[in-house]
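Reader: Please take me through one part of this model in detail. I would like to look at a pocket and its lining, and then at some paired strands.

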Amino acid sequence: MLENFDKKLLSDPGFKEDSVREVIIVPILSRLGYHPSGENTVVRSKTLTQPFIYVGTSRHPVKIIPDYTLLSNDKPVMVLDAKSPTESVTSQANIQQAYSYAIHPEIQCEHFALCNGKRLAVFSTRSLNPLLNIGFDEFESRWEEIEKHFLPKYLLNPELRKFAPDFGVAVSRLGMKPEAELTMIQIRLGLISRVSDQLYTASVNTELAGVDHCVSFDFTPEKLPLIIAGLPEALRRQFSEALTRAPYQAGADLCIEIDARTHLGEAVTVEHETFIPLVVDEVFGSRFNPYPPEGGNDVPSHVFRLRYAFKIQTDNPGNA
């Protein structure tokens, strides 16, 4: 995106705000999918019919017109203002000006951003601290974070930023072919769901390149007994029964640990994301781990949870 840009120019007195707009911001917005026309659009220097806002009965002028107003289906979702490299993207005055524009009745978007070439900062009208504040050298390595703060689906649904990136998508981007085998050892399973009579799926979080990712394991009903084989008989029965009735889910709570041979499945697109499950071809190990780490995957309160179905006995009766 900016691989041919010499960052030394950011210290050149001749590299000013207009250069930041054209050389830094335009390529970023283009890569994000904002164009002059289409579903996600960018409007340059959008003027206001009434260039002021009221605070109580006092009228306050809006002193700037941000360089870019980002829209999704004609609805403003963010304003972005360019600054000279000599200006700070976190100075109170600059934040205040962009904020006043974002909350204006003719705009009314929750997010606003400032970029001086050296840094890119994103803010919410609901928070004092920046949601994102990264330097030029991180623009490429932290691109997924930039997407999570600029793409319309995240701007309109900020809670989606909490979703971990998908493991299958990540390894696919790294070049793994669908036919390649991926052997996973000591997988601690989270929530298991019965999707249909012929499909079950299990989820768990794992780390890839220092970042938490969500992994989905798809498997057929025949593999369920192999996956829960490590559980004591009473727990196997309870767990299996939970998957035969609504909501057709059971929380393994990281107590079920398996070894499996898998391959990449087909990409699945849902409302807000695309994920690629790992299809379980063979289960060659299953264990019951009664001492799972604290936390684990979030499980709705109405779903059966394995950790509440057994009690750990110790030598000291008072510590049961």
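Author: Start with the lining of the second largest pocket. Its residues divide into nine nonpolar, four polar and eight charged. Keep in mind that this is a predicted model. The volume of this second largest pocket is about 530 Å³. A total of 21 residues line the pocket, and the closest to its centre are Lys 153, Tyr 154, Arg 173, Glu 273 and Thr 274. Which elements give two or more residues to this lining? They are α3 (143-150), α4 (152-156) and α5 (167-173).

Now turn to the strands. Take β10, which covers residues 191-196, and β11, which covers residues 199-208. These two strands run antiparallel, and four bridges join them. Look next at the link between the strands. β10 and β11 form a hairpin, with two residues between them.

Follow β11 onward to strand β12, residues 211-219. How many bridges pair β11 with β12? There are nine, and the pairing is again in the antiparallel sense. At this pairing, Leu 208 stands opposite Val 211 in β12. β11 and β12 also make a hairpin, with two residues between the strands. Stop at Ala 209 in that hairpin. Ala 209 takes a positive phi, near 55 degrees.

Conventions
Residues are numbered from 1 along each chain as its sequence is written. This is a predicted model: local features need pLDDT of at least 70, side-chain atom pairs count only at pLDDT 80 or more; totals for chains, interfaces and linings use all residues. Side-chain values use heavy atoms; hydrogens and water are left out. On a 1 Å grid over the protein atoms alone, a cavity is a set of points where a 1.4 Å probe fits but cannot get out, and a pocket is an open set with protein on both sides within 12 Å along at least five of seven lines; lining residues have an atom within 4 Å of a point. Grid points are joined across faces, edges and corners, and a volume is the space filled by probe spheres set on the points. Ala, Val, Leu, Ile, Met, Phe, Trp, Tyr, Cys and Pro count as nonpolar, Asp, Glu, Lys and Arg as charged, and the others, Gly among them, as polar. Two strands pair if DSSP finds at least two bridges between them.
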